[in-house]
Amino acid sequence: AAKGPAPHLRRSGGAATVKAMLLEWCRARTRGYEHVDVQNFSGSWGSGLAFCALLHSFFPDAFDFASLEPSARRENFALAFATAEERAGCAPLLEVEDMVRLPVPDAKCVYTYVQELYRCLVAKGLVKTKKR
């Protein structure tokens, strides 16, 4: 049995397991979207299309995903973050300018944002979680 101040975290796998599960959830939600291949929380999100695909999978009437271009990074990030805020009630934790300034997004920033989006979608009843 695990010992220490928070044995339940070790038993469940801790943060690494949560991160892997969230990445797999993103992968599953965005599977089949053109120009989107979620493999990590950094480079896979560089064009903004992974954010758009993730949101489009929940709000298909929000915008026409097929009309988006991988090279239009600024527009993709702006569309995704605005949709997340309007439709999911997700706090604007990332700035479009910060995302386009870096050729590869910061993994911790992307992971934090996706966690918040997931939390908001759960709160709206759009993502079902297993009861413990």
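Colleague: Which residues of α2 are buried?
Modeller: Helices here are DSSP runs of H or I with at least four residues, strands are runs of E with at least two, and both are numbered from the N terminus. A residue counts as buried under 20% relative accessible area, as exposed over 50% and as partly exposed in between, using a 1.4 Å probe and protein chains only. In α2 the buried residues are G14, L22, L23, W25, C26 and T30.

Colleague: What kind of model is this?
Modeller: Residues are numbered from 1 along each chain as its sequence is written, and side-chain values use heavy atoms, with hydrogens and water left out. Local features need pLDDT of at least 70, side-chain atom pairs count only at pLDDT 80 or more, and totals for chains, interfaces and linings use all residues, in what is a predicted model.

Colleague: How many helices does the chain have?
Modeller: Starting from the N terminus, the elements run α-α-α-α-α-α. The secondary structure therefore comes to 0 strands under the DSSP assignment, and the number of helices is 6.

Colleague: How far apart are the end C-alpha atoms of α2?
Modeller: The expected span of a helix is 1.5 Å times one less than its number of residues. With 17 residues, α2 should therefore span 24 Å, and this agrees with the separation of its end C-alpha atoms, which is 25 Å.

Colleague: At what angle do the axes of α3 and α4 cross?
Modeller: Axes are lines fitted to C-alpha atoms, for helices over the stretch in contact, and angles run from 0 to 180 degrees between N-to-C directions. The two axes come within 8 Å, and the contact (heavy atoms within 4.5 Å) includes F51 of α3 and T83 of α4. The crossing angle is roughly 35 degrees.

Colleague: Is T83 buried or exposed?
Modeller: T83 is found in helix α4, and, leaving aside neighbours within four places in sequence, it is in contact with L55, F59, A62, F63 and A88. Its relative accessibility is 4%, so T83 counts as buried.

Colleague: What is the phi of H35?
Modeller: H35 lies in the loop between α2 and α3 and, at 52% relative accessibility, counts as exposed. Most residues other than glycine have a negative phi, and most peptide bonds are trans. H35 is a residue other than glycine with a positive value, near 65 degrees.

Colleague: Which backbone oxygen does the side chain of S57 reach?
Modeller: S57 is found in helix α3, residues 49-58, and, not counting residues up to four places away in sequence, it touches R29 and Y33. At 2.7 Å, the side chain of S57 reaches the backbone oxygen of L54.

Colleague: What separates the C-alpha atoms of E95 and A78?
Modeller: E95 is found in the loop between α4 and α5, and at 48% relative accessibility it counts as partly exposed. E95 and A78 are 17 residues apart along the chain, and their C-alpha atoms are separated by 8.5 Å.

Notes:
Polar contact = N/O pair within 3.5 Å; in protein donor to acceptor, adjacent residues only side chain to side chain.
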